[in-house]
Amino acid sequence: MTLDRELVGRSYPPSAVYEVGRAKIAEFATAVGAPDPVHLDADAARAAGHPDVIAPPTFAVVISLEAAFVVLSDPEVGLDYSRVVHGEQRFLHHRPIRAGDRLVATTTIDAARTVAGNDLLTARVELATEDGEAVCTATSMLVARGEQGTT
Amino acid sequence: MSVEVGTELPEQVFRITRADLVRYAGASGDFNPIHWNERVATAVGLPGVIAHGMFTMALAGRAVTAWTGDPAAVVEYQVRFGRPVVVPDDDEGAELTVRGKVGALLDDGRARVDLTVTSEGEKVLSLARAVVRLP
């Protein structure tokens, strides 16, 4: 199938609030082997000028990938979930994510095109606090391999 | 730290075992069975269980944060997932080598770091780059 260019610019309603916890940051930092005390120790984080422990640079994916997947459940997008792979990922940090943040994710389709039988869809997820402070822009390019695709 | 275009980051070598993938699945919430179940991975045409692309991205990012000494200095980070990292069911797992060098000095005391990320001699990420605030 071919992705409809009309999809570009489509936005989805904001997600429920995700409350970032110290234990989740510690769990993620441990899983990726990030040794920095600012992820694990609130005192060390404060000494470095942060209000609380901060998340490693790719932690935003815990919230953003699920938010990006709202496009897969949009019947007008019509991507075949079973064929979707993650093609590219980008994070733009406006400030580090930290424990205590109450984040809302808003997803927008930035690009949609079909190349060599593969559907390429770029979903931009804006993570902001409940009060509207921008925290991170997480952009995912999802690839749905076509029947004759080469990816 | 004296930084110029071409300055190289210390090379980092990581080992990825099946246990690491299970731990990352739990921490990230990505339970796709291709990252822990050989039967499912081979049924969809993969050579075996593969690492989460996002786990590979996180490890590569550690080469950058180890160099800056401050995870908050990473302002921007992006990768393209090229070839999967196949993780064998043994104690050694797969090896991931991360090299990096400064590709550009930007305004406001920032620098762009270009990463080369390989496993078994093959590039697994492409267009892997981070923008960091220099101390």
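Begin by selecting Thr97(B), which is buried at a relative accessible area of 9%; buried means under 20% relative accessible area, exposed over 50%, and partly exposed in between, with a 1.4 Å probe and protein chains only. This is a predicted model, in which local features need pLDDT of at least 70, side-chain atom pairs count only at pLDDT 80 or more, and totals for chains, interfaces and linings use all residues. Residues are numbered from 1 along each chain as its sequence is written, chains are lettered from A and ligands numbered from 1 in the order in which they are written, and side-chain values use heavy atoms, without hydrogens and water.

Thr97(B) belongs to strand E3 of chain B; helices (H or I, at least four residues) and strands (E, at least two) are DSSP runs, numbered from the N terminus. Display its contacts (heavy atoms within 4.5 Å). Beyond neighbours within four places in sequence, Thr97(B) touches Glu11(B), Gln12(B), Val13(B), Thr116(B), Val117(B) and Thr118(B).

Next, select Asp108(B), in the loop between strand E3 (94-106) and strand E4 (110-119) of chain B. Asp108(B) is exposed, with 66% relative accessibility, and has a positive phi of about 60° although it is not a glycine. Most residues other than glycine have a negative phi.

Move to chain A and select Ala116(A), in the loop between strand E3 (102-115) and strand E4 (118-129). Its phi is also positive, near 50°.

Now select strand E5 (residues 134-144) of chain A. Ten of its eleven residues are buried, so the strand is largely enclosed by the rest of the structure. Two strands pair if DSSP finds at least two bridges between them. E5(A) runs antiparallel to E4(A), joined by ten bridges, and Ala128(A) stands opposite Ala134(A). Four residues separate the strands of this hairpin, where Gly132(A) has a positive phi near 95°. E5(A) also pairs with E2(A) in the antiparallel sense over nine bridges, with Met141(A) opposite Glu88(A).

Finally, turn to the largest pocket, with a volume of about 1500 Å³. Of its 50 lining residues, Val84(A), Val85(A), His86(A), Asn32(B) and Ile34(B) are the closest to its centre. Strand E2 (residues 84-93) of chain A gives the largest share of the lining, five residues. A pocket here is an open set of points on a 1 Å grid over the protein atoms alone, where a 1.4 Å probe fits, with protein on both sides within 12 Å along at least five of seven lines; lining residues have an atom within 4 Å of a point. The volume is the space filled by probe spheres set on the points.
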